[in-house]
Amino acid sequence: MTKKPVRFRPSAFNPPPSNFLLPPSGPDDDRFMSEALKEARKALARGEFPVGCVLVYGDRVIARGRRKGTAHGGGNELDHAEMVALRRLVKMKQAPEAAAITAYSTMEPCLMCFSALMLHGIGAIVYAYEDAMGGGTACPRARLNPLYRDSRIMIRGGIQRGESLALFKAFFSDPANRYWRASHLAEYTLKQR
């Protein structure tokens, strides 16, 4: 049975571009999102914001990253999981063509990460949980300069959303974690079912 295309829904607060239909997800999406979730669990175990990312080429993970710098209330806003994974990709001696790489992230990339993925030429982004406060994938690219406007990056959200949501709920429910406490994202996340 062929799956129907799904309507793109990056966050509850940013409407998708009109007529933005994406190809249906497949079994590889679940497989690779599970790898990103492993990275997010490692981050959570260290008291970090539970975002994990893997970069995939063909049928294998070629780079991994997880959020750093948020434990104990730290405010490092540079070491997002996607940025860590991209740094590892850049260090590869023979990295594959970027357009053939898919980034799997447990949270919708923020504007910084989304821009970095586009600038690097990554072909697709698949994420689990929408970032209702800072998600960047629904920005109105049509109004941006050609470098961003003309990007052909594909985006699909909601893959293993429930598993990712559980990690964010655990993070925001733990009084020891102060990062983004009392934020719109924390309130939104804790209300989700």
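Helices (H or I, at least four residues) and strands (E, at least two) are DSSP runs, numbered from the N terminus. Axes are lines fitted to C-alpha atoms, for helices over the stretch in contact, and angles run from 0 to 180 degrees between N-to-C directions.

The model described here is predicted: local features need pLDDT of at least 70, side-chain atom pairs count only at pLDDT 80 or more, and totals for chains, interfaces and linings use all residues. Residues are numbered from 1 along each chain as its sequence is written, and side-chain values use heavy atoms, with hydrogens and water left out.

**Helices α1 and α5**

The axes of α1 and α5 come within 11 Å and cross at roughly 5 degrees. Angles under 35 degrees count as roughly parallel, over 145 as roughly antiparallel, 65 to 115 as roughly perpendicular and the rest as oblique, so α1 is roughly parallel to α5. Contact means heavy atoms within 4.5 Å. On the α1 side, the contact is made by L37, A40, R41 and L44; on the α5 side, by E163, S164, L167, A170 and F171. By class, this contact of α1 with α5 has six nonpolar, one polar and two charged residues. Here Ala, Val, Leu, Ile, Met, Phe, Trp, Tyr, Cys and Pro count as nonpolar, Asp, Glu, Lys and Arg as charged, and the others, Gly among them, as polar.

**Aromatic residues**

The structure holds nine aromatic pairs. Rings of Phe, Tyr and Trp (its six-membered ring) pair if their centres lie within 6.5 Å; planes under 30 degrees apart count as stacked, over 60 as edge-to-face and the rest as tilted. The rings of F49 and F172 have centres 5.9 Å apart and planes at 65 degrees, so this pair is edge-to-face. The pair links distant parts of the chain, 123 residues apart: F49 is in the loop between α1 (27-45) and β3 (52-57), and F172 is in helix α5 (residues 161-173). Both F49 and F172 are buried. One aromatic cluster is formed by F49, Y129, F168, F171, F172, Y179, W180 and Y188.

**Burial and backbone**

Buried means under 20% relative accessible area, exposed over 50%, and partly exposed in between (1.4 Å probe, protein chains only).

| Residue | Relative accessibility | Class |
|---|---|---|
| Q160 | 14% | buried |
| W180 | 36% | partly exposed |
| E108 | 2% | buried |
| A128 | 1% | buried |

Q160 lies in the loop between β7 (154-156) and α5. Its phi is positive, about 55 degrees, although Q160 is not a glycine. W180, in the loop between α5 and α6 (184-191), also has a positive phi, near 60 degrees, in a residue other than glycine.

E108 lies in the loop between β5 and α3. A polar contact of 2.7 Å joins the side chains of E108 and T137. Such a contact is a pair of N or O atoms within 3.5 Å; within protein, one must be able to donate a hydrogen and the other to accept it, and residues adjacent in sequence count only if both atoms are side-chain atoms.

A128 is in strand β6 (residues 124-129). A128 and M107 are 21 residues apart in sequence and 5.5 Å apart in space, C-alpha to C-alpha. Leaving out residues up to four places away in sequence, A128 touches M33, S105, T106, M107, G158, I159, Q160, R161 and S164.

**Helix α2**

Seven of the 10 residues of helix α2 (residues 81-90) are buried, so α2 is largely enclosed by the rest of the structure. The buried residues of α2 pack against β3, β4 (60-66), β5 (101-107) and α3 (111-120).
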